[in-house]
Amino acid sequence: MRAVLTWRDKAEHCINDIAFKPDGTQLILAAGSRLLVYDTSDGTLLQPLKGHKDTVYCVAYAKDGLWSPEQKSVSKHKSSSKIICCSWTNDGQYLALGMFNGIISIRNKNGEEKVKIERPGGSLSPIWSICWNPSREERNDILAVADWGQKVSFYQLSGKQIGKDRALNFDPCCISYFTKGEYILLGGSDKQVSLFTKDGVRLGTVGEQNSWVWTCQAKPDSNYVVVGCQDGTISFYQLIFSTVHGLYKDRYAYRDSMTDVIVQHLITEQKVRIKCKELVKKIAIYRNRLAIQLPEKILIYELYSEDLSDMHYRVKEKIIKKFECNLLVVCANHIILCQEKRLQCLSFSGVKEREWQMESLIRYIKVIGGPPGREGLLVGLKNGQILKIFVDNLFAIVLLKQATAVRCLDMSASRKKLAVVDENDTCLVYDIDTKELLFQEPNANSVAWNTQCEDMLCFSGGGYLNIKASTFPVHRQKLQGFVVGYNGSKIFCLHVFSISAVEVPQSAPMYQYLDRKLFKEAYQIACLGVTDTDWRELAMEALEGLDFETAKKAFIRVQDLRYLELISSIERKKRGETNNDLFLADVFSYQGKFHEAAKLYKRSGHENLALEMYTDLCMFEYAKDFLGSGDPKETKMLITKQADWARNIKEPKAAVEMYISAGEHVKAIEICGDHGWVDMLIDIARKLDKAEREPLLLCATYLKKLDSPGYAAETYLKMGDLKSLVQLHVETQRWDEAFALGEKHPEFKDDIYMPYAQWLAENDRFEEAQKAFHKAGRQREAVQVLEQLTNNAVAESRFNDAAYYYWMLSMQCLDIAQADPAQKDTMLGKFYHFQRLAELYHGYHAIHRHTEDPFSVHRPETLFNISRFLLHSLPKDTPSGISKVKILFTLAKQSKALGAYRLARHAYDKLRGLYIPARFQKSIELGTLTIRAKPFHDSEELVPLCYRCSTNNPLLNNLGNVCINCRQPFIFSASSYDVLHLVEFYLEEGITDEEAISLIDLEVLRPKRDDRQLEIANNSSQILRLVETKDSIGDEDPFTAKLSFEQGGSEFVPVVVSRLVLRSMSRRDVLIKRWPPPLRWQYFRSLLPDASITMCPSCFQMFHSEDYELLVLQHGCCPYCRRCKDDPGP
């Protein structure tokens, strides 16, 4: 910073105060009793104002009036001491008063004191000057205070002090802010005006005077300062702030706010601020080093890491010594001080290691790199001499000497060329080895070589940026400032106090190289930064120039895969081909110059390539002209290509005709199939020879997809492909045709019946599916399907379905046992197991619905019988899905309702030992309590009777569902679960089933004289209606005699009948379960002729006839095996 005196004048009296007009054009000052008005541009006294008779101490220009317009008079307020100075805040809301007793009073605009600040010196430190910081960027209003305790302090509006008091060593008489609050001007008894930072750090002297400085002010929005002294002197200064900065490659360090250093990364735009808290005089930067010269020391910083993007600096060394120098340079281990004609090399510890004395003033110095401790310096002198100095060598090397003074220097990356800007603004470029002047350019003020390209430099001057490549003409564009660096496509430009990286496309020099067919050099320039269009132009020019290496690199840059494939194909051809016409023809064809390419193809002897090019481009007329009357194969190929083109342009019918004429039936069929043209497919299939299997097969495939199985079958028959025909019938579910084909060709039986069985199973036709699985020989699959259905039904609580599936499984096992003697025992065991599970789930279905549904469809007696049946029939391991709690709960509930209190009490007692779901808890607890109020016996009406021995059995039978006396198993109705009046009997050894039937004459229907006696035997059921006749009354029944047995025996003694007994039986009294082999038939005799019993001929379950007829009417089938009433018998 330096101050330049613009003008000076002297008044007769002491200058008490100064004020600028808001626009800065005029200056008014108080001198004695007069006011003087000056023109600030040249110091002319415009006019004196003599309106005051006494001394004027303060002047100010009005901006928006003297006081508030709503007040009719000026308000007055008393003060405890003499007020010496005052200052309003920026928003005009608060007024700070500086008093003689050392107190600062901050008041609002109504005069009310809000804050009172007492200075430590009290009345010995009068507050002589105060000023609010005018900056709008500060968050808080800051008040600067200067007192005659020779201190300057800073306060917030709240009265809180900012930082510590700053000692001045003189009595301040005036304080004011400069350039929007960035700096402070202070003057007083030291007879000078000093410049301080806004934090109170002294930066330098503005101007020395001959007497005390009473007032100083800054001109609005400018760098001018006016000073008024006790002896009447008025001085007007211009402050000039020089740029203190340093640059190394992409790192730029510059001074900010006079005391801070900002390091900026020009590529990433990162910035870091280093606060020095003192005036920064010089800055130097080199690689990872940063040197900052302060008034009394030099600080050496280094980067934390070797990372190129690291911006964190730390102090490495401090040289506590005052230096005076013109230029400062830092190296890896040294600092270089430039003092007029002398260079000094100092270590980081401050020790001078060597010194160079020059012949003339040093105008420019720059570090050009080198090993640590051996760096080279490029030095330019005023006498035109240019030197290279190594910091470890005492002797300077003269590179060259020119006639004019050096203004700027730079050396190329290879150290072979030197660019110099002289005092005549001429840029001169020399060859360092030969000292030859290569070229020179006018209008230059700074120059820089491109660090990435040897032959490129740029220089600035006259508001233009000039870029020069090799010896080509200069490319010029507008640019303000000085060029200080050139890296790739980025030019670093210093304009006023800031540096910026300007992205400059290198298009112009690249095209200069292209004009001379220097493709490799043009590629190097393009790598520095050009547009995609420029890259493509370079690639095309290199390709036409047959420089495939450069072209490939350029096309890779623009990611043009098409041309890269072209270059790759040309490189493959070059291995066995040397004709450049062929390569150039490929290039022309890719560029759209087809006729030129065809001529080159023909000239190189590759007419086929020209023909292929025309056909690929659908230029069939040109292709025909080029071909003339040539080979028929090529003509066929041309027609095929034309058909391809017609197909691509959405003319499929024309394409089909062309393909057929060219013999390309497969492509024609594909088009017809894709468009669903069945008629055309049929026509093609009928015209094709049966030996052409591929197109015929494709025709059949498309006809099948297009829902024309009849035509597809015709095609398969033409081919003789019976397996595909079977598969067609199966896929289209044309089972009759498939079965007919299977009859003629048994080898396809598995291919037909296996899918048929799966289709039946998927459509819930399990009985038919079983038969189909049997026919296909897939018994295991049939069993697996039924087992899966059964498990699903149990898991989903569909117990009626589970019973049905278990019955089907049992019958499936019986069929397997019949067909495979090796599995007979295993399958019979499974048969009885599944039969038992079917009975359990069939009965449990009613219990489940009763406990889950809100309304019951069964009578209490039925639920009671089912509960008892299940309780007596359940095995030790309860089957999945069956809840013992629900069975006992239903039994207890219905027993109580029907009067079986003892059984109900037993059921409730059993429930106490089981886990009860929460929803049944209250009902069971209530039932357990209420049952105790009932008698401890069961109703005799509910006691079951054994029809063999006429014994009354207990309701709770420990033996299960057999008589406790004769051990005869009970026969239950499959609907009401009553004990039926049937007794099973067995045939004597030697009597076959056929003989037994003939003896009891069951198959022959004989009309009876009494119309009340009727037996109906048909395919849907056997209904036995027993009507008592006169002839039967009193007849002795041999079968009844067989029912006797030894009383008290623990073993069951079956009823075995002889031929005599069979002959005596009436066909109306016998029911037969005609099981298929290997099971034997079962015979049952009714003991109550009045009661009618019906047996289902499919599942052999017994029902009361009335119940069975009702259930068949309701469901249309047997409730157990779901056999429809109209189905034929087994």
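User: Cys 527: buried, exposed or partly exposed?
Analyst: Cys 527 is partly exposed, with a relative accessible area of 37%. Keep in mind that this is a predicted model.

User: Which cysteine sulfur is closest to the one in Cys 527?
Analyst: That is the sulfur of Cys 453, at 9.9 Å. This is too far for a bond, because a disulfide needs the two sulfurs within 2.5 Å.

User: And Cys 1099, what is its closest cysteine sulfur?
Analyst: The sulfur of Cys 1096, at 3.6 Å. That is also too far for a bond, because the cut-off is 2.5 Å. Cys 1099 is buried, with a relative accessible area of 1%.

User: How many disulfides does the count come to?
Analyst: The count comes to 0.

User: New topic. Which residues touch the most other members of the largest nonpolar core?
Analyst: Trp 807, Tyr 841, Leu 870, Leu 982, Met 1102 and Cys 1118 do. The core has 65 residues.

User: Which elements supply at least two residues each?
Analyst: The helices are α20 (779-795), α21 (799-819), α22 (824-852), α23 (860-873) and α30 (1105-1115). The strands are β54 (1093-1095) and β55 (1102-1104). The largest share, 14 residues, comes from α21.

User: What is Trp 807 in contact with, leaving aside neighbours within four places in sequence?
Analyst: Gln 835, Ala 838, Ser 1098, Cys 1099, Tyr 1120 and Cys 1121.

User: What about a second core?
Analyst: A separate core has 49 residues. Among them are Leu 299, Tyr 313, Ile 319 and Ile 389.

User: On to Asn 466. Where is it, and is it buried or exposed?
Analyst: Asn 466 is in strand β43 (residues 464-469). Asn 466 is buried, at 1% relative accessible area.

User: What polar contact does its side chain make?
Analyst: The side chain of Asn 466 pairs with that of Arg 476, at 2.9 Å. Leaving aside neighbours within four places in sequence, Asn 466 also has contacts including Asn 443, Phe 459 and His 475. Gln 477 is 11 residues away in sequence, with 6.6 Å between the C-alpha atoms.

User: Last one. Where is Asn 133 found?
Analyst: Asn 133 is in the loop between β10 (127-132) and β11 (142-147). Asn 133 is buried, with a relative accessible area of 4%. Not counting residues up to four places away in sequence, Asn 133 touches Asn 90, Glu 138, Ile 142, Tyr 177, Lys 180 and Gly 181.

Conventions
Residues numbered from 1 in each chain as written. Predicted model: local features only at pLDDT ≥ 70, side-chain atom pairs only at ≥ 80, totals over all residues. Heavy atoms only, no water. Helix = DSSP H or I, 4+ residues; strand = E, 2+ residues; numbered from the N terminus. Buried < 20%, exposed > 50% of the residue type's maximum accessible area, 1.4 Å probe, protein only. Contact = heavy atoms within 4.5 Å. Polar contact = N/O pair within 3.5 Å; in protein donor to acceptor, adjacent residues only side chain to side chain. Core = buried A, V, L, I, M, F, W, Y, C linked by side-chain atoms within 4.5 Å.
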